[in-house]
Amino acid sequence: MKILAIETSCDETSIALLTVKDNKIVIHSHKTASQAEFHSQYGGVFPAMAKREHVKAILPVLSYVLDESKPSFKDWQKISLNPDTESKIRQILEREADLANDLINFTKTNDLPILDAIAVTRGPGLEMSLWVGINFARALGKILNIPVVGINHMEGHLVSSILPEETLHKEITFRNIPDEVISLLVSGGHTEIIYTKDNQHKLLGETLDDAVGEAFDKVARLMGLSYPGGPIVSKLAEEAREKNIIPVELPRPMASSPDYNFSYSGLKTAVMYYIKKNPLENEEQKLSLALGFENAAIEVLVSKTLKAIKNTGAKALLLGGGVAANNYLKKMLHKAAEENDFEFFEPIHSITGDNALMIGLAAFVKFRDQEIIDESDSLKAAGMLTLG
Ligand code: KG4
Ligand code: ZN
């Protein structure tokens with residue numbers, strides 16, 4: 001199955017071209033244009049600006065991906081657009097007339113790949129951003145005359161762990177993951193524990209307020225650090241651990257509640273009060289606070305995940321989402337796996353954040369035992385889409 005995957009749910013414009021067969025994949029190309037630096041000046045993502053940046057980036061990213069695919073992708077075609085298709089493209093991209101023109105010109109001047117389907121993120125995420133990817137995918141689907149299918153972004157994070165490496169142009173064998181698993185999905189928008197058996201998902205618990213990545217970002221902001229703050233706070237915490245700095249004591253919200261839910265807004269507020277009382281005047285104070293926060297945020301994730309493993313009897317854990325880049329989290333989960341005898345699968349670092357490769361992987365998993373049905377004419381952005 002030859003798939004072009006597109007992801008634009010938040011602030012990354014990402015496209016991947018893949019061939020998947022049985023339990024093997026060839027990644028012909030995977031390119032992500034990140035807007036993080038652009039948004040860092042505002043301390044967060046503004047939907048209208050994110051949308052504008054996606055519109056600017058999406059065709060250049062596609063062009064890059066097609067070029068990069070050439071060494072291993074062999075099936076190309078020249079397409080002559082008939083007036084009917086051209087008007088359909090203009091209709092689909094009616095609000096983006098420049099993009100429609102550029103895509104039509106691109107089609108006239110470039111060879112395009114012969115594919116089986118286009119997979120595009122349909123949610124959850126920022127609807128304005130999602131629509132850019134969806135409409136671009138629909139227009140491209142008309143040009144290539146192939147089905148377009150919508151993929152749940154969280155399904156992408158959830159399946160990421162099946163990929164053991166990201167080397168282009170060579171055949172890679174997927175990891176063998178059991179049918180019954182617990183997944184911990186941790187990102188800027190989600191903190192969820194999911195139980196999956198035979199591809200059916202059940203949400204066991206989630207955050208009742210802020211997501212864990214969001215808490216990292218907000219704490220970073222309170223500490224005067226830039227966006228996205230997760231990696232920076234976590235680096236400071238790592239440094240603090242190396243230097244044996246004593247952590248600031250902070251609460252572990254909902255750690256002992258009987259469910260699988262989380263709450264991170266109280267922890268963020270505790271950090272805010274701490275800073276008010278104890279202005280951060282030197283490096284050591286910053287390190288101590290970052291360490292205290294990371295310990296509290298991660299410990300609750302680990303203990304609730306472990307509880308879900310024990311109570312369901314699942315023998316494997318998958319980790320996914322931007323916060324899966326956090327070294328302390330991975331270390332603690334490895335430790336829990338060893339001590340409690342379950343398998344732990346983590347995504348390779350390059351696909352922890354938002355990316356199109358994971359959307360292609362989710363499409364492959366979905367269509368391994370399901371027919372591909374074209375959703376092009378019914379596809380809509382679903383900002384609040386859930387799993388299951
Ligand atoms: O999955 P993702 O790229 O986007 C969303 O779908 O939200 O996740 C981004 C989130 C941000 O909140 C970012 O600060 C956080 O992941 N993040 C981290 C780390 N790297 C990224 N949080 C903690 N430690 C990290 N090393
Ligand atoms: Zn994400």
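**Reading a zinc site and its surroundings**

User: Which spacing do the donors of the zinc ion (ligand 2) follow along the chain?

Analyst: The donors of the zinc ion (ligand 2) follow the spacing H-x3-H-x196-D along the chain, where a donor is an N, O or S atom within 2.8 Å of the metal (3.2 Å for Na, K and Ca), and sites may look incomplete because water is not among the atoms. This is a predicted model, in which local features need pLDDT of at least 70 and side-chain atom pairs count only at pLDDT 80 or more, while totals for chains, interfaces and linings use all residues. Residues are numbered from 1 along each chain as its sequence is written, chains are lettered from A and ligands numbered from 1 in the order in which they are written, and side-chain values use heavy atoms, leaving out hydrogens and water.

User: Are His-153 and His-157 buried or exposed?

Analyst: Buried means under 20% relative accessible area, exposed means over 50%, and partly exposed lies in between (1.4 Å probe, protein chains only). His-153 has a relative accessible area of 5% and is buried, and His-157, at 0%, counts as buried too.

User: What surrounds ligand 1?

Analyst: Ligand 1 is surrounded by 20 residues, the closest being Gly-188, Asp-217, Gly-322, Asn-326 and Asp-354, where a residue is near a molecule if one of its heavy atoms lies within 4 Å of it. Asp-354, which also coordinates the zinc ion, has a side-chain N or O atom 3.0 Å from an oxygen atom of ligand 1. A polar side-chain atom of Asp-217 lies 2.6 Å from an oxygen atom of the ligand, and a backbone N or O atom of Gly-189 lies 3.4 Å from one.

User: In what order do the strands of the open sheet stand, and which of them are at the edges?

Analyst: Five strands form the open sheet in the order 11-10-9-12-13, with mixed pairing; two strands pair if DSSP finds at least two bridges between them. Strand 11 (200-206) and strand 13 (343-345) stand at the edges with a single partner strand each, so one side of each has no neighbour in the sheet. The twist averages 20° from one strand to the next. Strand 10 (residues 191-197) runs antiparallel to strand 11 and is joined to it by 6 bridges, with Glu-192 opposite Glu-206 in strand 11.

User: How is strand 2 paired with strand 1 and strand 3, and how many of its residues are buried?

Analyst: Strand 2 (residues 12-21) is mostly covered, with 8 of its 10 residues buried. Strand 1 (residues 2-7) is joined to it antiparallel by 6 bridges, through a hairpin of 4 residues, whereas strand 3 (residues 24-34) pairs with strand 2 in the antiparallel sense over 10 bridges. Ile-15 in strand 2 stands opposite Ile-6 and also opposite Lys-31 in strand 3. The hairpin between strand 2 and strand 3 has 2 residues between them, and Asp-22 in this turn has a positive phi of about 50°.

Key. Axes are lines fitted to C-alpha atoms, for helices over the stretch in contact, and angles run from 0 to 180 degrees between N-to-C directions. A polar contact is a pair of N or O atoms within 3.5 Å; within protein, one must be able to donate a hydrogen and the other to accept it, and residues adjacent in sequence count only if both atoms are side-chain atoms.
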